[in-house]
Amino acid sequence: MTPSVSSLKNLDLSLLAQRLGKLCRKRGLEITTAESCTGGGIASAITSTPGSSAYFTTGYVTYANAAKTRLVGVPEATLQAHGAVSEAVVKAMVAGACQDSGAQLGVAASGVAGPDGGTQEKPVGTVWLAWGDASVQEAECFHFPGDRQAVREQAVREALAGLVARLDS
């Protein structure tokens, strides 16, 4: 039976990362990350597992909009039209990261971790995550409670749980 994302979120980060590694090795996949609000936390969780170099290729920390454009190819027009915290941007981030790194699967994160920076439309705790490859991506918006650290930790956990769920289906 395929685990649900909600049941996976209850696992310890190291267990999620280990499960992700087993699935990547089983399928012969390489993965990548493109991160903004998580600041490399997803890549850090993945690489905390011994042997992760067999399936983790590259991690991009694209905190600034210019880095999103320069490193993972997010069009400036997309950033201007939708803002960095948007479905369009995280989909472009994961597509660009997969294309640049050659990975077959990636995850991207962009959000408002706080304590400042939130707006009425995108309050603190708003995080967009996208999973996919260079051709096909899917994204989801989350509204995580708590302070900056809590928002970032929840985003990392959700990103990993989403990767595992997609590989375990």
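**Reasoning about salt bridges and a helix face**

Mentor: In this predicted model, Asp168 has a relative accessible area of 23% and is described as partly exposed.

Trainee: Why is Asp168 called partly exposed?

Mentor: Buried requires under 20% and exposed requires over 50%, so the 23% of Asp168 falls in between and the residue counts as partly exposed.

Trainee: What makes the contact of Asp168 and Arg19 a salt bridge?

Mentor: Their side chains meet at 3.4 Å, N to O, and because the cut-off is within 4 Å for a nitrogen of Lys or Arg and a carboxyl oxygen of Asp or Glu, the pair qualifies as a salt bridge. The two residues are 149 residues apart, with Asp168 in the segment after α7 and Arg19 in helix α2.

Trainee: How do you know that the buried residues of α2 line one face of the helix?

Mentor: The buried residues of α2 are Leu16, Ala17, Leu20, Gly21, Leu23 and Cys24, and seen down the helix axis they fall within an arc of 170°, so they line one face. The face turned away from that buried side carries Lys22 and Lys26, which are exposed.

Trainee: What does the salt bridge of Arg166 and Glu138 tie together?

Mentor: The closest N and O atoms of Arg166 and Glu138 are 3.3 Å apart, and since Arg166 lies in helix α7 while Glu138 lies in strand β5, the pair ties together parts that are 28 residues apart in sequence.

Trainee: Why does Glu138 count as partly exposed?

Mentor: Its relative accessible area is 43%, and because exposed would need over 50% and buried under 20%, Glu138 is partly exposed.

How values were computed:
Residues numbered from 1 in each chain as written. Predicted model: local features only at pLDDT ≥ 70, side-chain atom pairs only at ≥ 80, totals over all residues. Heavy atoms only, no water. Buried < 20%, exposed > 50% of the residue type's maximum accessible area, 1.4 Å probe, protein only. Helix = DSSP H or I, 4+ residues; strand = E, 2+ residues; numbered from the N terminus. Arc of directions from axis to C-beta.
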